[in-house]
Amino acid sequence: MAATAASGFQLASARPCIASSRRVFKAGAANLDANSKAVSWTKLASARNLSQSLEPFRRGFVSSSMKFNKVVTRAMSESTENKPVSGLPIDLKGVMLSAGKRAFIAGVADDNGYGWAIAKSLAAAGAEILVGTWVPALNIFETSLRRGKFDESRVLPDGSLMEITKVYPLDAVFDNLDDVPEDIKSNKRYAGSSNWTVKEVAESVKQDFGSIDILVHSLANGPEVSKPLLETSRNGYLAALSASSYSYVSLLKHFLPLMNPGMSFVGFSRSLGGSSLSLTYIASERIIPGYGGGMSSAKAALESDTKVLAFEAGRKNKIRVNTISAGPLRSRAAKAIGFIDTMIEYSIANAPLQKELSADEVGNTAAFLASPLASAITGAVIYVDNGLNAMGVGVDSPIFKDLNIPGNKH
């Protein structure tokens, strides 16, 4: 993309200025008395370039008769950055009073999956990127990264390249070294790597960086995914749940102490806490023939766990927990299922939006959910699938051929 493209994800409405909003706090503390409700908020706003986070404060001191300008959502290019325009950016460089946000994305092993796209979107918004890569894929991933094979995929909207600060070996199936069987410890694909269990990785990140703000779970595995559920073994079923759903519980359990807790300003309700995300699939609630081996059960468990973890992590540390139900993508992992092209064709034919889903669309949603713009969203399943989840039937069926349903031929 050209260097003049939008820097980060500057999506709309009022550009925050934290330093000035801090000054308003002091001014407000000195001047807000019994008569202060009559003060024109417009005058206050013109005196200070207020942060969007002042919205709850403003609502408490303006009369219902006051009129406000309509908010207009638009992208802002790099060339407009120094102009006096309004905007509501997803800015993870230094949101509010905190330092730049740091994200750990578990499950990045190439440059064409959702994990990579999420890392790019978070990087474009200003976050520092750490990734956890499955141990057997670590050498290939790091070599490709070092030799520039991913450089084209690393290009951010401002023309710079995404920087990955550190790559950690990770096998999220194992919580600690005691859980690892001898055949794995002696496996040559694990030779040369250490500290790759969930607990060890969390400890390494703490030692290296102290804390993180964003945790992303972008991994799943079902060794018997091609088998119908009735033909799935107990071991295969439990393996799918272990790798695809409990791994998220374990990650959040071990990384939660590292995540910067939520905080609120005096008189303000907006939380500045950390955010945790995972990826799910519509097979959790709809029948997808061919998506077997217990994987549909694992995704259902992941969505249920998202709600429980949202409560527990929210109450304990003001951490938000959400999951993105993403549509089909031609990723390396999805190709292992064997019919991903068919699923993409089905989605294009039947979804309300007849287009192929891009990984960037999921990445951008993740950046939004990780930002303060989503400060009240937790325990949610967010569908990013061109609306396919809303459909009750496949409209490409011959049954509907006489209904004159609008659509694009493909």
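Phe104 and Tyr168 are both buried, where buried means under 20% relative accessible area, exposed over 50% and partly exposed in between (1.4 Å probe, protein chains only). The model is predicted, so local features need pLDDT of at least 70 and side-chain atom pairs count only at pLDDT 80 or more, while totals for chains, interfaces and linings use all residues. Residues are numbered from 1 along each chain as its sequence is written, and side-chain values use heavy atoms, with hydrogens and water left out.

A pair of aromatic rings is described by the distance of the centres and the angle of the planes. Rings of Phe, Tyr and Trp (its six-membered ring) pair if their centres lie within 6.5 Å; planes under 30 degrees apart count as stacked, over 60 as edge-to-face and the rest as tilted. By this rule there are eight aromatic pairs, among them the two below.

| Pair | Centre distance | Plane angle | Class |
|---|---|---|---|
| Phe104 and Tyr168 | 6.1 Å | 55° | tilted |
| Trp116 and Phe150 | 5.4 Å | 65° | edge-to-face |

Phe104 belongs to strand 3 (residues 102-106) and Tyr168 to strand 5 (residues 164-170), so this pair ties together parts 64 residues apart in sequence. Helices (H or I, at least four residues) and strands (E, at least two) are DSSP runs, numbered from the N terminus. One aromatic cluster is formed by Phe104, Tyr168 and Phe255.

Trp116 and Phe150 are both buried.

Ser245 is found in helix 8 (residues 234-255) and is buried, with a relative accessible area of 4%. Not counting residues up to four places away in sequence, Ser245 touches Ala240, Ala298, Ala301 and Leu302, contact meaning heavy atoms within 4.5 Å.
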